[in-house]
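The sequence and structure are shown first.

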Amino acid sequence: MKGKKGIALLLSSFLVLSLAACSSGNSNNGGTTPEESAAGSNTPKDTASITPLGKYDPPIEVTAVRGITEGTKYSEGESIDNNVWSKAYESELGVKVKYLWTTPTAQYDQKLNIAIASDDLPDITPVSASQLKRLVEDDALEDLTSLYEKYGSELTKGIMSQDGGNAIKSATFDGKLYGLPNMTSGLGQTHVLWVRTDWLQKLGLPEPKTMDDVIKTAEAFVKQDPDGNNKADTYGLGINKDIFGFYAGMQGFFNGFHAYPNTWVKDASGKLGYGSVQPETKAALLKLQELYKQGLLDKEFGTKDATKVSEAANGGKLGLFYGFFWNAGWLQDGKNADPAMEWKPISIVSIDDQPAKAQVPFAINTYYVVKKGAKNPEAAVKVLNFDFEKLWGETAQPDVYSVNNNTAIFEYALLYGEAPRKNLDAYLNVVKALEAKDSSSLNTEEKGYYDNILAFRAGDHKLWGNEQMYGPAGSLSVIDGYSKNAQLVDDAYFGAPTQGMTDNNATLQKLQLEVFTRIIMGGSIDEFDQFVTQWNDLGGNTITGEVNAWQASQ
Amino acid sequence: MNKHASISRRTFLAFNYLFLAAVAIACLFPLLNVLAISFSSSAAVSAGKVSLWPVDFNLKSYSFVLSKPEFGRAFLISLGRVAVGVPLNMLLTILIAYPLSKRSHEFRFRNAYAWYFVVTMLFSGGLIPWYMTIKMTGIIDTFWAMILPGAVPIFNVILLLNFFKSLPDEIDQAAQIDGASRWQTLWQIAVPLSAPAVATLTLFCIVTHWNSWFDGLILMNRPDNYPLQSYLQTVIVNRDLSLMAAQDILKWAEVSDRTSKAAQVFVAVLPVLFVYPFLQKYFAEGIVMGSVKG
């Protein structure tokens, strides 16, 4: 009897102890300082690892997988497992990163899907939005909310919230943060209008200021033989087979009609609607059909992808198209072949007296997640702090950690992100330095653009693209103008893909492309109304409902 | 051709040859285009000037490809894969096909064994179980992951089995009367008599091993260990830009290397192009003979 009583006593004391542990856990979440909780649960030796950039002692090992961008170069003797970043993680942060596997980015998604399906995740994994959602539903991820709060450095939190917090929100499910977004800029994916100014001069045309000007320019480029070979072999306005995209896409054109296809926009009542099915889109399509009839679009555009269209531009057959700011990089080949070729990026134009606004897609497509039950879940946040500090922080060493000798060292970092305004800031700083003729305030990356622009101005036309992007009249100046004049329309939906999207998006996008192509190539415009009905019936209604429910919950 | 063929017959033949020649040219066209691109300057290619004849002829892309360590390494891995995988394929194919070609009274449970193999051809476990099996066997991320999982090509076994069946029983029996063991009958009678089939199947195996890219991609943990086609796939494939981060697209914008891609494709095609003529004479014969039963 006595023995039994003893056991009962022991058991109850365990209970009390475990209750106490629970309650102390709760109070930690409630906001005790890191030091206190460290003292409670860890050995004092670990205190340093609690700070955002503190070193783990003894060092820890985290496993990871990753895609490696095509063309990533390494210095002699280095590899993805052994480079300045991995060495710095180990020596300064006490984190040894072990890659279970790596693969070129193009195959990463496929390989990761297999790893997810066979329940074979490492501690830290970069995932897409839909994979993130799937993993959250499977309850396979660590909740990072409190870890991000506790370990995130000021710099990290600053960069992560530079877009108004949408990025963080997009990785938050039921109030819990499950992924660290790979920050990037949607601004870099707005359209500018690229136009051949030497052709404009030759034909005595002004720079297009309105949509009518654009159409007149396109017409002149087709009919007045701008390349002077006495053959009608030039195109008016460049368009690729997907209609939308980064090069010779039509977003900029649609934006001129105040239509924002492929994004979610707020209507007058504050409800979200899909841009592709709005009446403004119909008007833009009707105009494109007219242009096609007049021969201002390539008759065979339905078979030509962006690369094909760029061949026409570089071959001196096309002088007008909408595209991203970096398209100058693709035009460089044309400039190399024909140095007389001059392009200028200009602001998108409007059909009426309302200024055109450029649509800004939600740019974040990669999230870093931590496997549920990982031994050191906070390591992901700390590595991100470390990366940001070395790249953009006060002690940043861009020539060591970012770019050196044309080697993209930043590619080796485990977690990555860019301040959304990075390119714009680079442009602003470069222009300021050019005016002051003083490059001392520039970081290494900006200094590179600065030097290239000077070299171009000194006659090296192989560096022309730099002037066209980062120079005073470069494409980023156009985007800076959008940003200053509030000429931007953000995609209003930035959550994970909803169930309806996962189920129906492929079908809906195919339908949209088919119908739009048919309409442009001369189909009846009534098809657009049929398309709207069909779109709604094939899942669009559901998606709109989900998107609005999401908006209401924000 | 018969001298006395009717006019309609001759017209038919003329058109038939023309048509087949056109088809053959259509097949050659993409290859010639790639070849022309690989010899052209990248400026000419990006201006869309190259179709069948190189513009601004140069060998830069080839010297670039040959100096690229990744390409050479992947090429060697693929060669090794063929050198080890094909003999193993053929050995197992022959050893399985021969007993299965015997009738049930010679080989009891022959049908059961035959079904055991055929079932794997009809049903597969699917990608994930396949992957997990290989992972749990511990050969993942090794050279053997590309060799062992496909070591027994059932389709080839069935082709060869039918070919063996078509050999007259009498030859077998004569060999046995002369004192040949089963083993000797197989290697000294059956296999030499089946040279066309064996040559054809060898070609199949070479091409399969040389061309497979998916297993390398999924089973290898480092791009350094990719065989040639997996590597090429990563170089050539059209990216889905919606999946790429903005900074990647930016980088991609700076790369305009269609000429070197074309050179890599072409170099990768060469070995199989070289092997074909030597095995071709068996090729058509082997396939047809396997399907005709004596």
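This is a predicted model: local features need pLDDT of at least 70, side-chain atom pairs count only at pLDDT 80 or more; totals for chains, interfaces and linings use all residues.

Against which elements do the buried residues of helix 4 of chain A pack? They pack against strand 2 (95-104), helix 16 (379-392) and helix 17 (398-401) of chain A.

Helix 4 spans residues 84-93, and its buried residues are A:W85, A:S86, A:Y89 and A:L93. Viewed down the helix axis, these buried residues fall within an arc of 105 degrees, so they line one face of helix 4. An α-helix has 3.6 residues a turn, so residues three or four places apart point the same way. The face of helix 4 turned away from the buried side carries the exposed residues A:K87 and A:S91. Just after helix 4, A:G94 takes a positive phi of about 70 degrees.

Positive phi values also occur in residues other than glycine, including A:D139 and A:K437.

Why does A:D139 count as exposed? A:D139 counts as exposed because it has 7 C-beta neighbours inside 10 Å, and the cut-off for exposure is 12 or fewer. A:K437 likewise counts as exposed, with 7 C-beta neighbours inside 10 Å.

A further backbone feature concerns a peptide bond. A:D57 and A:P58 are joined by a cis peptide bond, with omega about 0 degrees. A:P58 is placed in the loop between helix 3 (47-50) and strand 1 (60-68) of chain A.

Notes: Residues are numbered from 1 along each chain as its sequence is written. Chains are lettered from A and ligands numbered from 1 in the order in which they are written. Helices (H or I, at least four residues) and strands (E, at least two) are DSSP runs, numbered from the N terminus. A residue is buried if 20 or more other C-beta atoms lie within 10 Å of its own, exposed if 12 or fewer, and partly exposed in between; C-beta atoms are placed from the backbone. The arc is that of the directions from the helix axis to the C-beta atoms. Two residues are in contact if their C-beta atoms, placed from the backbone, lie within 7 Å.
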